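This report describes selected features of one protein structure. Please keep the sequence and the model in view while reading.

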Amino acid sequence: MKNRTRRTMLAAASALFLSTVANHAAQAAPKVATSIAPVYSITAAIMKDVGTPSLLIDQATSPHAAKLRPSDAKALQEADLVIWIGEHLSPSLEKPIETLPENAQILTLGELDGLTELAVRTGGNWEKHVHDHDDHHDHDAHEEDHDEHEADHGDHEHDEHEHEHEDHDHDAHDHGDHDPHVWLDPQNGLTMAKAITAALSKLDAENADKYAANEKAFEEKLTSTTQSIKAELAAVRDKPYIVFHDAYHYYENRFGISAVGSVMLQPGVAPGVARVREIRSKLKELNVVCIMAEPQFSDKILSTLIEGTDTKISQLDPLGTNLDLGPNLYVELMRYNADKLTECLQ
């Protein structure tokens, strides 16, 4: 009798265990790798109560120059779905993504139909990218060497040294024809959320209803916040300011605000001597109210730029460095930048 009872209990326990394993397998969320924090946040909002994506590029690191850590490379290789903006934003991800298994799903948000796309800005105080041939491309590390080189060898040899450095930078910093910072238009954020929802639902049909409900909640929250930001920024829309690097074209276009140039002409490439003189002249000529730092880059040059002017220093952030990483970061990022602009410009 005791043996029969024991066998019955073991059989019941085994059945429960197998049922639990099967249930867990059926409900397991897909493994999703995302490139930058705003993309992570939108994905996390859609996956709420189902799973959590992984983040490949740290919030405090510029995606233009990011390098994959071994743990991130592992997460990328194991992903069922990879979501990124594209190679012009994060070139270090291009080759690792190309080597993924054939069954890995890739969602390139920068190529979605229905996105608002803006051309890379050139000319005037936006002159940049692959067509510059002056000292706009000097690194901090090369500035002193350039000045010494000019003093010792004359302008002609300095120019040759400078152009060699520019040629080295051109390939590394080319953004392509379109500005890749598409997520900073909240309307594009909604388009991306729909695409992420569709990709997840195809991959994990069992949770499609949850993804759809989460996408609807995200849309309602972002739409409400966007309307609030439009009202907030209307009061400062004609106030000129300068950004640290040209990441905010989409934000400006959506909200009608007035950036008049950037400090850096290439991400991570500090302004040279002539560029510093040009910016200082622009600050006075255009009565620039604010110059906006960016947490992904050193801002030590800014105190030199504003010396003797009435221009103030504040900060914008394209990635949400100081925000909690999670499903609310994207909407909070839209609000953060609006509040920083209003605070400095009004």
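## The sheet

Ile83 stands opposite Leu107 in strand 4. Strand 3 (residues 81-84) and strand 4 pair in the parallel sense over four bridges; two strands count as paired if DSSP finds at least two bridges between them. Helices (H or I, at least four residues) and strands (E, at least two) are DSSP runs, numbered from the N terminus.

Four strands make up an open sheet with parallel pairing, in the order 2-1-3-4. Strand 2 (54-55) and strand 4 (105-108) lie at the edges with a single partner strand each, so one side of each has no neighbour in the sheet. Helix 2 packs on the sheet and touches strand 1 (32-34), strand 2 and strand 3.

## Basis of the model

The model is predicted: local features need pLDDT of at least 70 and side-chain atom pairs count only at pLDDT 80 or more, while totals for chains, interfaces and linings use all residues. Residues are numbered from 1 along each chain as its sequence is written, and side-chain values use heavy atoms, with hydrogens and water left out.

## Helix 7

Helix 7 (residues 208-233) has 26 residues, which should span 38 Å at 1.5 Å a residue, and its end C-alpha atoms are 37 Å apart, which agrees. The expected span is 1.5 Å times one less than the number of residues.

Among the buried residues of helix 7 are Tyr211, Phe218, Leu222 and Ile229. Buried means under 20% relative accessible area (1.4 Å probe, protein chains only). The elements covering these buried residues include helix 2 (37-46), helix 6 (186-203), helix 8 (249-255) and helix 11 (329-345).

## The nonpolar cores

A nonpolar core is a set of buried Ala, Val, Leu, Ile, Met, Phe, Trp, Tyr and Cys residues joined through side-chain atoms within 4.5 Å. The largest one has 71 residues, and Trp183, Tyr241 and Tyr251 have the most contacts inside it. Helix 11 supplies the largest share of this core, ten residues. A second, separate core of 15 residues includes Val288 and Ile306.

## His245

His245 lies in the loop between strand 5 (241-243) and helix 8. With a relative accessible area of 3%, His245 is buried.

The side chain of His245 forms polar contacts with those of His181, at 3.4 Å, and Glu294, at 2.9 Å. A polar contact is a pair of N or O atoms within 3.5 Å; within protein, one must be able to donate a hydrogen and the other to accept it, and residues adjacent in sequence count only if both atoms are side-chain atoms.

Key
Buried < 20%, exposed > 50% of the residue type's maximum accessible area, 1.4 Å probe, protein only. Contact = heavy atoms within 4.5 Å. Axes fitted to C-alpha atoms, helices over the stretch in contact; angles between N-to-C directions.
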